[in-house]
Amino acid sequence: MKPSEYFDAAKGRLKIESDYELAKRLNVKRGPLCQMRQGDRAVPLDVAFKLAITLELDPAKVVADLESQREKNPTRRAFWDSFMSRARSVAALILCTLVFQLSAICGSDQNPMAGFFRRRQHA
């Protein structure tokens, strides 16, 4: 997403319409916010984190995305791009692992927890 898209999405999430109100919420002045929106100024880390929290996104991914867009050095841009792809791969691996483990526990006849909650009868 471009910086302007992050700012627009945050305005939508916060149910506000003006950049002035968004600037107040992000604790920045309206002028610098407009410069960030246009890509003329880097989005500071604190603002990137606030946007990520507002949009319920991983702050590291938002920072990497914004840095990748601003970086002019191809080597550094490649680092940020690879960070984004690694983050997606790790998230997918974790999700697959959790699904596999959950299906193994829930779908198994040998479920180790199967008798745990069964009511015990005493003789």
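Lys15 is exposed, at a relative accessible area of 74% (exposed means over 50% relative accessible area, buried under 20%, and partly exposed in between, with a 1.4 Å probe and protein chains only). It sits in the loop between α1 and α2 (19-26), and its phi is positive, about 60°, although Lys15 is not a glycine. This is a predicted model, so local features need pLDDT of at least 70 and side-chain atom pairs count only at pLDDT 80 or more, while totals for chains, interfaces and linings use all residues. Residues are numbered from 1 along each chain as its sequence is written, and side-chain values use heavy atoms, with hydrogens and water left out.

**Overall layout**

- The protein has six helices and zero strands; helices (H or I, at least four residues) and strands (E, at least two) are DSSP runs, numbered from the N terminus.
- Going along the sequence, you read the pattern α-α-α-α-α-α.
- Of the protein's 123 residues, 24% count as buried.

**Positive phi in the loops**

- Here's the background: most residues other than glycine have a negative phi, and most peptide bonds are trans.
- Lys15, with its phi of about 60°, is a non-glycine residue on the positive side.
- Glu56 also has a positive phi, near 55°, and is likewise a residue other than glycine.
- You'll find Glu56 in the loop between α4 and α5 (59-70), and it counts as exposed at 64% relative accessibility.

**How α1 and α4 pack**

- Helix α1 (residues 3-14) packs against α4 at an angle of about 45°, and the two axes are 9 Å apart. That makes α1 oblique to α4.
- On the conventions: axes are lines fitted to C-alpha atoms, for helices over the stretch in contact, and angles run from 0 to 180 degrees between N-to-C directions.
- Angles under 35 degrees count as roughly parallel, over 145 as roughly antiparallel, 65 to 115 as roughly perpendicular, and the rest as oblique.
- The α1 and α4 crossing is left-handed, a label used if the near helix is turned anticlockwise from the far one by less than a right angle (right-handed if clockwise).

**Salt bridges**

- In general, side chains of opposite charge can pair when their charged atoms come close.
- The rule for a salt bridge is a side-chain nitrogen of Lys or Arg within 4 Å of a carboxyl oxygen of Asp or Glu, and by this rule the count comes to seven.
- One of them joins the side chains of Asp8 and Arg37, at 2.9 Å from N to O. Asp8 is in helix α1 and Arg37 in helix α3, so this pair ties together parts that are 29 residues apart in sequence.
- In that pair, Asp8 is partly exposed at 41% relative accessibility, whereas Arg37 counts as buried at 18%.
- Asp8 and Arg37 also belong to a network of salt bridges that links them with Lys11 and Asp19.
- Glu56 turns up again here, in a salt bridge with Arg13 whose closest N and O atoms are 3.4 Å apart. Since Glu56 is in the loop between α4 and α5 and Arg13 is in helix α1, the pair ties together parts that are 43 residues apart in sequence.
- Arg13 is partly exposed, with a relative accessible area of 40%.
- Arg25 and Glu21 have side chains that meet in a salt bridge, 3.1 Å from N to O. Both residues lie in helix α2, four residues apart, which is about one turn of the helix.
- Arg25 is partly exposed at 44% relative accessibility, and Glu21 is partly exposed too, with a relative accessible area of 22%.

**Nonpolar surface patch**

- Leu45, Phe49 and Ile53 form a nonpolar patch on the surface, and together they have about 320 Å² of accessible area.
- Patches are made of residues with over 30% relative accessible area and no salt bridge, where nonpolar side chains (Val, Leu, Ile, Met, Phe, Trp, Tyr) are joined within 5 Å and like charges within 9 Å.
- The accessible areas come from the Shrake-Rupley method with a 1.4 Å probe, and for residues only the protein chains shown count as cover.
- Ile53 is a residue of helix α4 (residues 45-55), and at 60% relative accessibility it counts as exposed.

- Ala42 is placed in the loop between α3 (30-38) and α4, and at 33% relative accessibility it counts as partly exposed.
- The C-alpha atoms of Ala42 and Pro32 are 9.4 Å apart, for residues separated by 10 positions along the chain.
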